[in-house]
Number of protein chains: 2
Amino acid sequence: MSQPVDTAVSAVRTYIAQHRVAFLDDLTEWLRIPSVSAQPDHAPDVRRSADWLAAKLEETGFPTVEVWPTPGAPAVYAEWPAADPGAPTVLVYGHHDVQPAAREDGWDSEPFAPVVRDGRLYARGAADDKGQVFFHTLGVRAHLAATGRTTPAVHLKLLIEGEEESGSPHFRALVEQHADRLTADAVIVSDTGMWSEDTPTVCTGMRGLAECEIRLYGPDQDIHSGSFGGAVPNPATAVARLVAALHDEHARVAIPGFYDGVVELTGRERELFAELPFDEERWLRTAKSHATRGEAGYSTLERVWARPTAEVNGIGGGYQGPGSKTIIPSSAMVKLSFRLVAGQDPEHVRKAVGDWVPAQLPEGIRHEITFSPATRPCLTPLDHPALRSVVRAMGRAFGTPVRFTREGGSGPAADLQDVLGAPVLFLGISVPSDGWHAPNEKVDLDLLLKGVETSAYLWGDLAEHWRHAP
Amino acid sequence: MSQPVDTAVSAVRTYIAQHRVAFLDDLTEWLRIPSVSAQPDHAPDVRRSADWLAAKLEETGFPTVEVWPTPGAPAVYAEWPAADPGAPTVLVYGHHDVQPAAREDGWDSEPFAPVVRDGRLYARGAADDKGQVFFHTLGVRAHLAATGRTTPAVHLKLLIEGEEESGSPHFRALVEQHADRLTADAVIVSDTGMWSEDTPTVCTGMRGLAECEIRLYGPDQDIHSGSFGGAVPNPATAVARLVAALHDEHARVAIPGFYDGVVELTGRERELFAELPFDEERWLRTAKSHATRGEAGYSTLERVWARPTAEVNGIGGGYQGPGSKTIIPSSAMVKLSFRLVAGQDPEHVRKAVGDWVPAQLPEGIRHEITFSPATRPCLTPLDHPALRSVVRAMGRAFGTPVRFTREGGSGPAADLQDVLGAPVLFLGISVPSDGWHAPNEKVDLDLLLKGVETSAYLWGDLAEHWRHAP
């Protein structure tokens with residue numbers, strides 16, 4: 001590395017060191033707001049979270065900050081134009097809502113009372129996604145301070161939505177409504193992670209998501225399993241047989257048409273995945289699981305990053321309390337989620353599921369399927385110039401080679417890709433052990449500050465290497 | 001019928017007509033006692049019910065009447081020896097506790113304030129089981145009056161327990177404790193019903209019951225279905241596949257060894273079932289179900305009465321609340337009940353299930369199985385002399401041919417069979433519309449008096465046709 005880079009690095013790091021405490025205090029304050037979008041009684045908290053972030057972005061220096069209402073929870077939008085009109089425009093995406101959390105789920109401390117233990121900040125939303133949204137606030141300030149600028153090197157836009165953990169039901173409409181404000185040359189999604197503390201990586205794609213709840217109805221009320229057992233269809237048995245029919249003996253999804261359009265992995269991508277220091281034992285510890293299991297013919301990483309899946313998120317029916325109750329239940333349900341990969345159309349999957357379910361059911365079992373709004377998959381070309389900038393910025397922050405991953409999870413980034421026609425890139429510093437959607441979610445403070453640093457380098461690199469409308 | 005029979009019938013009927021009012025007044029008084037064994041605050045009422053019955057049995061003439069305590073609710077025991085030491089000994093079983101009931105459950109009158117409407121006595125316990133216990137008191141008096149005896153023609157014993165509606169948790173121990181007092185040549189269970197008002201029937205068997213709860217454990221906590229989905233075993237999927245594997249494509253239970261020892265229906269039994277005026281549409285309305293479904297090769301009645309089953313009483317795992325939660329759950333459970341038929345050994349079934357479950361599970365899924373105490377099946381041979389006496393006594397009372405049924409449910413009668421080594425027979429006059437365990441439970445007064453009459457004929461018939469220790 002040449003001397004000017006070292007100077008820039010030093011200036012960024014000095015600025016971050018000086019503002020670290022206030023930054024963490026602010027983040028802690030935000031994490032105290034239980035902005036759980038899936039629980040209606042937390043709607044006021046989600047609104048409060050949006051207002052809190054808007055105020056903080058104004059304080060950061062964004063000249064334009066707006067809270068955008070939706071029929072559900074509000075999003076926060078901010079703009080900070082570059083002095084050079086020819087600079088590229090970058091839209092940062094994240095979310096300020098969080099997954100549900102309760103102490104009794106297995107948290108060691110209150111999920112909405114953030115605490116630092118061993119250099120890690122524990123709270124619901126610490127990694128997913130408040131921490132990873134918030135590092136851009138100090139990042140852009142460090143960028144300005146280190147380069148002596150008063151405005152960012154790129155036209156910077158932020159869109160931080162409030163319904164990501166509820167499936168972003170109004171996000172696409174919001175993006176369509178404000179498409180003229182949101183135009184960008186690239187979208188930087190700040191809602192993913194990297195390989196590990198030691199192996200910084202850039203994610204090049206996310207899976208999509210289609211979800212549904214299927215309810216099956218048998219007898220009009222719970223009936224006596226002695227008087228009627230063995231002679232009428234049981235909806236709990238039917239739901240189990242439905243779920244069992246989801247996968248064939250190779251653990252492939254057995255719904256006809258499910259794989260239509262799937263973009264298969266290239267040899268180069270399989271090589272890049274194979275270069276990662278994958279340790280199955282360690283991965284299993286992170287997954288808190290006791291064996292791997294998945295589609296035949298694919299590695300574990302290929303299964304979670306590049307292959308579509310069908311998973312049961314919840315199943316229920318009949319008596320689940322203590323002791324026994326000798327009934328045939330009147331109904332049963334299952335919540336299914338399908339992860340989708342590039343080339344799969346959520347609407348097509350929805351139709352395939354809708355056609356498949358009734359064909360699995362015995363006579364006398366009625367069904368209802370409710371689909372949640374779907375999320376499309378997305379994939380960044382490996383040779384995209386903005387992707388190369390992200391890789392360089394991250395390399396400077398971490399001081400080690402940056403490798404490539406994908407993300408098994410899903411986000412509404414694909415809607416931005418669709419509506420704005422801009423490529424989507426991913427910048428994340430969370431690690432797999434951060435416990436997204438799980439008890440004891442946390443973010444490592446050192447990594448969080450590497451995120452700040454990456455953000456600080458990225459805007460200059462993009463302006464330098466990638467001109468507007470190339 | 002020969003003249004002596006007509007005389008006997010006439011004498012019995014005359015006696016019953018003379019004592020009908022006092023009998024119903026007494027029963028009404030007993031039904032006012034809310035002896036709900038499942039509700040701890042009714043424990044004094046269950047004790048009061050036992051004391052009331054004991055006093056009434058003394059008044060009836062039983063020389064020995066005892067209230068037998070248990071760790072739960074007390075049972076009532078009574079003995080009335082025959083003059084002839086060589087007469088057979090018959091033990092009548094019933095229960096004096098009742099199901100919970102509250103006006104707001106849908107009763108048209110107070111459940112513990114008996115009322116007669118249209119020749120039917122409405123009250124909790126009217127049919128299940130106080131009415132069917134109590135008809136023996138007038139029955140034995142009518143037997144004595146009509147035959148000029150001072151003691152019954154058989155050695156008569158009564159055991160009326162107080163915890164049947166709570167699963168008879170202390171019944172087997174009570175029977176074992178008093179086995180020497182309870183010895184009998186036959187057990188008459190007065191706690192079942194008959195086909196319909198127009199079709200008197202004798203039940204020849206009850207199914208047994210083995211129940212278990214199976215818990216499956218996958219990841220150590222709920223994990224993100226995006227990050228890990230498709231690559232680790234999901235316990236909710238595993239529980240579904242387990243349940244789906246319970247039955248083969250012919251709806252037969254697929255657990256190896258499950259059918260070991262099953263006493264198959266004889267051609268004669270199938271003919272007897274087929275003689276019943278079975279209306280599938282009407283049966284489905286009673287079952288509140290929308291189709292029949294069961295083991296291939298058997299009719300609906302054969303499926304519920306004479307075939308063993310595996311039913312799911314409850315299934316659960318993961319997120320069952322509103323909206324979605326994209327997790328792979330850490331655990332899932334299912335409650336299974338197996339109805340057993342004659343020849344099946346609950347211990348053998350338990351072992352078969354215990355061996356089968358782990359063989360269905362993928363690597364990485366841990367399991368626990370908890371079995372509840374089992375109830376054995378019981379079956380009266382069609383050619384048993386005591387059964388023939390019951391059929392004759394009932395035929396005289398009803399004046400129409402008596403047909404045969406079985407009972408799909410399970411009861412503690414099998415404990416008497418096991419411990420005492422005596423065959424179990426069933427004598428009941430309740431009909432399916434009597435609303436056992438439901439609001440507006442009732443007993444038809446004409447049928448109740450036919451029960452009295454059957455009881456009056458039975459003891460003489462047994463003594464005449466079936467000598468002790470044949």
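This is a predicted model: local features need pLDDT of at least 70, side-chain atom pairs count only at pLDDT 80 or more; totals for chains, interfaces and linings use all residues.
Two copies of a chain are related by a rotation about an axis and a shift along it.

One helix from each chain takes part in a crossing between the copies. The crossing is left-handed.

From α7(A), the contact takes in Thr237(A), Ala240(A), Arg241(A), Val243(A) and Ala244(A). From α7(B), it takes in Thr237(B), Ala240(B), Arg241(B), Val243(B) and Ala244(B). By class, the residues of this contact are 6 nonpolar, 2 polar and 2 charged.

**The sheet in chain A**

Strands of a sheet pair through backbone hydrogen bonds, either parallel or antiparallel. Chain A has an open sheet of 6 strands with mixed pairing. The strand order is β1-β2-β6-β3-β7-β17. At the edges stand β1 (64-68) and β17 (424-426) of chain A, and each pairs on one side only. Neighbouring strands are turned by 20° against each other on average, direction ignored.

β1(A) pairs with β2 (residues 75-80) of chain A in the antiparallel sense, over 5 bridges. Val65(A) stands opposite Ala78(A) in β2(A). A hairpin of 6 residues links β1(A) to β2(A).

Further along the order, β3 (residues 89-95) and β7 (residues 186-189) of chain A pair in the parallel sense. This pairing runs over 4 bridges. Val90(A) has Ala186(A) of β7(A) as its bridge partner.

**Helices on the sheet**

Two helices of chain A meet this sheet. Helix α12(A) packs on the sheet and touches β7 and β17 of chain A. Its direction makes about 15° with that of β17(A). Helix α14(A) lies across β3, β6 (155-161) and β7 of chain A. The direction of α14(A) runs at about 150° to β3(A).

How do these two helices meet each other, and at what angle do their axes cross? Helix α12 covers residues 385-398 of chain A, and helix α14 covers residues 445-465 of chain A. Their axes come within 7 Å and cross at roughly 135°. That angle is why α12(A) counts as oblique to α14(A). The crossing is right-handed.

Among the α12(A) residues in this contact are Val390(A), Met394(A) and Phe398(A). Arg392(A) and Arg396(A) are also included. On the α14(A) side, the contact includes Leu447(A), Tyr457(A), Leu458(A) and Leu462(A), along with Lys450(A), Glu453(A) and Asp461(A). The residues of this contact divide into 10 nonpolar, 3 polar and 5 charged.

| Helix pair | Axes come within | Crossing angle |
|---|---|---|
| α12(A) and α14(A) | 7 Å | roughly 135° |

Chain B has an open sheet of 6 strands in the order β1-β2-β6-β3-β7-β17, with mixed pairing. β1 (64-68) and β17 (424-426) of chain B each have a single partner strand, so one side of each is left without a neighbour in the sheet.

β3 (residues 89-95) and β7 (residues 186-189) of chain B pair in the parallel sense over 4 bridges. In this pair, Tyr93(B) has Val189(B) of β7(B) as its bridge partner.

**Backbone features in the loops**

Which residues are joined by a cis peptide bond in chain A? They are Asp128(A) and Asp129(A), with omega near 10°. Asp129(A) sits in the loop between β5 (120-122) and α3 (130-147) of chain A. In chain B, a cis peptide bond joins Asp128(B) and Asp129(B), with omega about 10°. Asp129(B) lies in the loop between β5 (120-122) and α3 (130-147) of chain B.

Asn440(A) is not a glycine, yet has a positive phi of about 60°. Its place is in the loop between β17 and β18 (442-444) of chain A.

Conventions
Residues are numbered from 1 along each chain as its sequence is written. Chains are lettered from A and ligands numbered from 1 in the order in which they are written. Side-chain values use heavy atoms; hydrogens and water are left out. Axes are lines fitted to C-alpha atoms, for helices over the stretch in contact, and angles run from 0 to 180 degrees between N-to-C directions. Angles under 35 degrees count as roughly parallel, over 145 as roughly antiparallel, 65 to 115 as roughly perpendicular and the rest as oblique. A crossing is left-handed if the near helix is turned anticlockwise from the far one by less than a right angle, and right-handed if clockwise. Contact means heavy atoms within 4.5 Å. Ala, Val, Leu, Ile, Met, Phe, Trp, Tyr, Cys and Pro count as nonpolar, Asp, Glu, Lys and Arg as charged, and the others, Gly among them, as polar. Two strands pair if DSSP finds at least two bridges between them.
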